[in-house]
Amino acid sequence: MMPRVTPTTRALAAEVVGTFFFFTLGAGAILADALSNGAVGLVGIAVAHGIGLAVAVSIFGVISGAHFNPAVTFAAAVGGAFPWAMILPYWIAQLAGGVLAGVVLRATFPDTVVMVTHLGTPSVASGIGDGTAIVVEAVLTLLLVLAVFGTAISPTAPRIAGFGIGLTVLADILVGGPLTGAAMNPARYFGTGLVVLFFDHWQVYVIGPLAGGLAGGLVWRYAFAPTAAAVSTQR
């Protein structure tokens, strides 16, 4: 008789595998762009991240909520939609999925491509100060978090979570990619960065996304969260 798998175990496994799914396609597109001498391009990289996330959310959303991002998990807790006690387990699962993606990509692509792209790890563009970069990451993450609340978490949301969240990431990368890489996600930075020991401007990718998550959680909770009356009219 097989041991019973608890809902918590299933959720954490979904966060590991979903994060791996998302990051492998997203960071993999950056590596493929370098390998093909720019044939993928910014639009291709943005599309790979957006579609990868959209599909991963569609697969795993019903199991774990499909956060795949410590900033989203933090925002959900701030917004009153996720238990604080589960933040650390979710973060560990997301970091594990990110590192697993980094290991697989490191074993797949040539050393020259890995080194020039830092394994697809986001980086701050030349001439952009850390303060500006933190603001960019915070704003992009805020937009992502609002998409998560509005299309996935809210009880009155239209059930287009994968579509809405994936398109937001795609658009965010088109805007912020040339500036900071548009990580919006500490695990996205550390997952690949850890494998190649690349931690430049790490504070940008911790402070920025978490600040954006905090702002998004507070804005949703106190300005846009549907009332009980609104929920009842939707049923």
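Which residues lie nearest the centre of the largest pocket? In this predicted model, they are I30, H49, P122, G181 and R188, picked out from a lining of 34 residues. Helix 1, helix 2, helix 5 (111-117), helix 6 (130-153) and helix 7 (161-180) each give two or more residues to that lining. The space inside comes to about 490 Å³. Sorted by class, the lining has 19 nonpolar, 13 polar and 2 charged residues.

The second largest pocket holds about 300 Å³ of space. Its lining counts 19 residues, and G61, S64, G65, A66 and H67 sit closest to the centre. Two or more lining residues come from each of helix 1, helix 2, helix 6 and helix 7. Here, too, helix 2 gives the most, this time with 5 residues. As for class, there are 12 nonpolar and 7 polar residues in this lining, and no charged ones.

Next comes the packing inside the protein. In soluble globular proteins, nonpolar side chains tend to be buried together. The largest nonpolar core in this model has 24 residues, and those touching the most other members are L53, V57, F68, L144, I165 and M184. Helix 1, helix 2, helix 6 and helix 7 each supply two or more residues to this core. A separate core has 8 residues, including A133, I134, Y189 and V204. Back in the largest core, M184 is one of the residues with the most links to other members. Setting aside neighbours within four places in sequence, M184 is in contact with N69, A71, E137, L140, T141, L144, V169, D172, I173 and P209.

Helix 4 deserves a look of its own. It runs over residues 87-108, and at 1.5 Å a residue its 22 residues should span 32 Å; the end C-alpha atoms are 32 Å apart, so expectation and model agree. Buried positions along helix 4 are I87, Y90, A93, Q94, G97, G98, A101, G102 and L105. These buried residues pack against helix 1 (7-35), helix 2 (41-64), helix 3 (70-78) and helix 8 (186-196).

What does Q94 touch, not counting residues up to four places away in sequence? The list is E15, T19, H67, F68, N69, P70, T73 and A187. Q94 has a place in helix 4, and its relative accessible area is 0%, below the 20% cut-off, so Q94 counts as buried.

One of those partners, F68, stands out for its backbone: its phi is positive, at about 55°, although F68 is not a glycine. F68 is found in the loop between helix 2 and helix 3. With a relative accessible area of 0%, F68 is buried, and it belongs to the largest nonpolar core.

L197 also has a positive phi of about 55° without being a glycine. Is L197 buried or exposed? Its relative accessible area is 65%, which is over the 50% cut-off, so L197 is exposed. L197 lies in the loop between helix 8 and helix 9 (202-224).

Note on methods
Residues numbered from 1 in each chain as written. Predicted model: local features only at pLDDT ≥ 70, side-chain atom pairs only at ≥ 80, totals over all residues. Heavy atoms only, no water. Helix = DSSP H or I, 4+ residues; strand = E, 2+ residues; numbered from the N terminus. Expected span 1.5 Å × (residues − 1). Buried < 20%, exposed > 50% of the residue type's maximum accessible area, 1.4 Å probe, protein only. Contact = heavy atoms within 4.5 Å. 1 Å grid on protein atoms, 1.4 Å probe; cavity = no way out; pocket = protein on both sides within 12 Å on 5 of 7 lines; lining within 4 Å. Points joined across faces, edges and corners; volume = space filled by probe spheres on them. Nonpolar A, V, L, I, M, F, W, Y, C, P; charged D, E, K, R; others polar. Core = buried A, V, L, I, M, F, W, Y, C linked by side-chain atoms within 4.5 Å.
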